[in-house]
Amino acid sequence: MSETLAISAQGLTKRYDGVTVVDHLNLQVKANEVFGLLGPNGAGKTTTILMMLGLTEPAEGSVSVLGFSPTREPLKVKRQVGYLPERVGFYENMTARENLRFIADLNGISYNEANQRTDEVLKMVGLTESEIMEALGPKRKIEKTVGKFSRGMKQRLGIAEVLIKRPRLVFLDEPTAGLDPKGINQLLDLIAALPKAGTTVVLSSHQLYQVQRVCHSIGILAKGKMVIQGAIDKLGREALAGGRFQIEVETENPGEKLIKVIRGLKGVLGVEAKGNVLSISTEADLRRQVSKAVVENNYPLIQMKIQEFSLDDIYMKYFREE
Amino acid sequence: MVAIIRKELADYVTSIRFLGFMLLVTVLSITGLMAAAQGIRAANLPQGIVFLGLFTTAGVQVPIPSLSYLVSLLVPLIGIALGFDAINSERSSGTLSRVLSQPIYRDSVINGKFLAGVVILSIMVGTMLLLVSGYGMRMIGVPPTHEEVIRLFLYFVVTIFYGAFWMGLAILFSILFRRVAASLLFSLALWLFFSIFIMLIAPAIANALVPTAEGVQAEVVRNYELQRTILLFSPNYLFQEATTVILVPLVRTLGMVTSSIQPYWLRNPLSLGQSILVVWPHITGLISLSAVCFAVSYILFMRQEIRAT
Ligand SMILES: Nc1ncnc2c1ncn2[C@@H]1O[C@H](COP(=O)(O)OP(=O)(O)O)[C@@H](O)[C@H]1O
Ligand SMILES: [Mg+2]
C-alpha cells in the first residue's frame, strides 16, 4: 500500500455478555482524510472508536493507530490522538479557558504555550471572549463558566479541546448531534479544514446525508459489520454505474467445493447457501464467471437472478430506522 | 499526576464542601476545648501527659465527648465525603472520557484524587490540632513536653491514615458503582457497620461460641479474646485502640486484665517507645487495609470501559 494508513484494523471484535456488537471489523483510514464512520444507532460506531482509543478492550482482532497498539501502548496513541466523546462533558464550574488549560496541563504543555494555544483554538471554533460574552449576555464581564454554555457552544469547546494538543488524528463521535443546521454547517466547515493542517479525522454519525459532504471516505456499519467501505467519489461512481450486485443461483445440492470455488472468484465478496439457492454478493456483474464455475463443477444451472444495489439503496436499507 | 492534584485541590478549595469541612473543624475544636475545660481537672493526670488531656478528656458535669472520640467518629465521614463521588461523578458528567483520552496513566487519576484528598484531610486535621493546642495552652497554662509533641504528631499521622483508608474505600465504591447515591450509601453503610454494629455483634458471637454462664475464669478470658479478635477487623476499632495508646500513655495493654491484678497496676505512663510498640500492629493493619482498597480499585479501574453515556 503506497498511501500511509492512519488506522488499520483487522478482525476487530467486541462482545458484551456474549452478544457481538462489533463483528470482525476490517477498517483502513488513510492519513489526511476525513473518514465517515456511518451507521444507524446501535450499529457499534462508538464501541469501535473506544477500541481504537484503548478505552475498551477488543475481544478479538487487532488495531493499529498511527502505528501503535492502543491496548499495549496507550500513551503513545493518546499523545497524538484527540477524542470528542458522544456526550461531551466539561467541568461546569470552570471557565472554557480553565477547562482547556487543564487538558493542556495533562498533555504536559507548558503554561505559556498553553495560553497561546488556548487563544488559537478558541478563535478557531469561535469562542473568543467577545463571542462568549455575546452569547451569554453582556452583564457579567469576567469569563463565563461552562455550565452556562449552550449545547452548540460545548460542542465547539470540545473541538477546541481536541485540537489543543495538535493531534495527528482525531475521533469525533456524533459531533453534529443536537446542533441546529447553522451550527452543523459551521462545524463541518471546521472539520473539512483539518486534513490540510495535517490532521486525519474519523467522524461518526447516524445521519449520513448530513455529513457526507465533508467525508473523503466512508464506512457503513450495520449491526457491528462493515457493509461497505471506500472513497466516497468512487462509491458515488459505482452507484451511478449500477453499484454492487447480489447474484442468486439455483442449482442442486451445492457442496462445499462449489462454494469454495465461487468464493475464490475475483470480485466475489461473500457466498451464502440456503437450500438449493446460493446468494453471492459481488463487486461487479459476474454472472458469466459464476455460471461457468457452476457448470464446470458438474452442477446444474437451474436459475440465475441478479440484483443491483446503488449507494442510495444501501443507505435506505440500513438507515430505514431513522 | 501533578496536574490532576492541582486541579482537584483548586476544586476543593473553592467548593462548598470545603467550607463545610472548615466549619466542622471549628465546631469540633470548640467542642473539644469545652470538654477539656470541663473534665481535665477531674481527670487528675500525672505530670508529663497533662497537655494530651486536652484531646482525650470528656466533660464531667456536662457530658461532652472528648475530642479524640469525636474525631474517631467524624474522620471517616470526612474521608467518605472526599471520595465517594471521585470517579462516578466524572463518569456521568462525561469528563472522565476526555481526561482518560489524554496521555496519562489511568492510575494517576486515582492517585491524584487520593493525594489531593490526603492534602485536604491533613489541612483539616492539622488546623484542628493547632487550634486546640493553641487555645488549650492558654486555658490550662501548661506547655506540651517534647514527648507530648511527638505523640500528637503520631496521632496526626494515624488520623490521616485512618481518614485515607475511608477515602480509599469510598473511591473504590465510586469506581464500582455508576451512581453517586449508591457509592455514598454503601460507604455510609460500611461506616455504620464498623462503628456501631460490630460492637453489638462481637459480644453476641463471642457469647454464642464461648458461653460464660459458669463464670469460669478461663472461659471469660477466651470470650474476651474472641470479641477482640472480631473487633480487630474493624478499622474503627483499630483506630480507637491506637489513638488511646498514643494519647493516653496510662493504658498499658490492650489485652484483658483480670480484676485481681488491677489493684497492683502502676499508675505511671508508658514510655513513648513502648507505646509505639503496642500500636505498631494497628498502624500496619490500617495501612494494609488501605492497600487492599487501592489494589482492588486499580484492578477494577485499569480494565474498565470508559463510555460517555
Ligand atoms: N456496556 C455495554 N454493555 C452491553 N451492551 C452494550 C454496552 N455498550 C454498548 N452496548 C450495545 O452495543 C451496541 C453498539 O453500541 P454503540 O457502539 O454505542 O452504537 P452506536 O455508537 O453506533 O450508536 C448497542 O446495541 C448497545 O446497546
Ligand atoms: Mg454512538
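This is a predicted model: local features need pLDDT of at least 70, side-chain atom pairs count only at pLDDT 80 or more; totals for chains, interfaces and linings use all residues.
The ligand site comes first. Ligand 1 sits among residues of chains A and B, so the site is shared between the chains. From chain A, the surrounding residues are A:Tyr16, A:Val21 and a run made up of A:Pro40, A:Asn41, A:Gly42, A:Ala43, A:Gly44, A:Lys45, A:Thr46 and A:Thr47. An oxygen atom of ligand 1 lies 2.7 Å from a backbone N or O atom of A:Gly42, and for A:Ala43 the corresponding distance to a ligand oxygen is 3.2 Å. A polar backbone atom of A:Lys45 is likewise 2.8 Å from an oxygen atom of ligand 1. Taken on its own, ligand 1 has 560 Å² of accessible area, and the protein covers 64% of that.

Next, the nonpolar interior. In soluble globular proteins, nonpolar side chains tend to be buried together. Here, the largest nonpolar core holds 159 residues, and the members touching the most others are A:Ile7, A:Leu157, A:Phe171, B:Phe55 and B:Phe301. Helix α8 of chain B (residues 146-176) supplies the largest share of this core, at 16 residues. Another core, apart from that one, has 13 residues, including A:Ile247, A:Val249, A:Ile259 and A:Ala293. Setting aside residues up to four places away in sequence, A:Phe171 touches A:Ile7, A:Ile49, A:Met52, A:Leu53, A:Val81, A:Gly82, A:Tyr83, A:Leu84 and A:Val202.

What about the cysteines? A:Cys215 is buried, because its relative accessible area is 4% and the cut-off is under 20%. B:Cys293 also counts as buried, at 5% relative accessibility. Across all chains, a search of the whole structure turns up zero disulfides.

Beyond its neighbours within four places in sequence, B:Asp85 is in contact with B:Arg17, B:Glu90, B:Ser174 and B:Val180.

Definitions and conventions: Residues are numbered from 1 along each chain as its sequence is written. Chains are lettered from A and ligands numbered from 1 in the order in which they are written. Side-chain values use heavy atoms; hydrogens and water are left out. A disulfide is a pair of cysteine sulfur atoms within 2.5 Å. Buried means under 20% relative accessible area, exposed over 50%, partly exposed in between (1.4 Å probe, protein chains only). A nonpolar core is a set of buried Ala, Val, Leu, Ile, Met, Phe, Trp, Tyr and Cys residues joined through side-chain atoms within 4.5 Å. Helices (H or I, at least four residues) and strands (E, at least two) are DSSP runs, numbered from the N terminus. Contact means heavy atoms within 4.5 Å. A residue is near a molecule or strand if one of its heavy atoms lies within 4 Å of it. A polar contact is a pair of N or O atoms within 3.5 Å; within protein, one must be able to donate a hydrogen and the other to accept it, and residues adjacent in sequence count only if both atoms are side-chain atoms. Accessible areas come from the Shrake-Rupley method with a 1.4 Å probe; for residues, only the protein chains shown count as cover.
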